[in-house]
Amino acid sequence: QVQLVESGGGLVQAGGSLRLSCAASGLTLSTAAMAWFRQAPGKEREFVGVIRGSSPSTSYADSVKGRFTISRDNAKNRVYLQMNSLAPEDTAVYYCAAGYGGSRPTAYAYWGQGTQVTVSS
């Protein structure tokens, strides 16, 4: 049974940083694309970025490019989302997902429960 558990969310001031972690079980990270999505109140779930299973290559949404970085530790079976220069518009629930890859939520079969990130101005 695949389980994804996010952690590391919280309240941070604008301009600050947070690192989210996603612990995976029942899944070998090198065999799946691992993505981060986010969802703000009243908005659709939004793609943040993805790291591919077969290589460390990554892709990001334009809104976070240059500020957010996804990395993976296969030995620990964890994926990370380093978020720098945070802005109030980054406030959302952040989800970790495992699947085929790409930017569409439908490409991911497994999801974590989400972790709240709140950026104050």
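Along the sequence, the chain follows the pattern β-β-β-β-β-β-β-β-β-β-β, with eleven strands and zero helices (DSSP runs, E of at least two residues for strands and H or I of at least four for helices, numbered from the N terminus). The model is predicted: local features need pLDDT of at least 70, side-chain atom pairs count only at pLDDT 80 or more, and totals for chains, interfaces and linings use all residues. Residues are numbered from 1 along each chain as its sequence is written, and side-chain values use heavy atoms, without hydrogens and water.

The C-alpha atoms fill a box of roughly 40 × 30 × 25 Å along the principal axes. Of the 121 residues, 43% are buried (under 20% relative accessible area, 1.4 Å probe, protein chains only). Among contacts (heavy atoms within 4.5 Å) with a separation of 6 or more, 53% link residues 24 or more positions apart.

R67 lies in the loop between β6 (58–60) and β7 (68–73). R67 counts as buried because its relative accessibility is 19%. Beyond its neighbours within four places in sequence, R67 contacts Q82, M83, N84, S85, L86, A87 and D90.

R72 belongs to strand β7. Outside four places in sequence, its contacts include L29, I51, R52 and V79. A polar atom of the R72 side chain lies 2.3 Å from the backbone oxygen of R52. The side chains of R72 and N74 are joined by a polar contact of 2.9 Å (a pair of N or O atoms within 3.5 Å, one able to donate a hydrogen and the other to accept it within protein; residues adjacent in sequence count only if both atoms are side-chain atoms).

Note on methods: Buried < 20%, exposed > 50% of the residue type's maximum accessible area, 1.4 Å probe, protein only.
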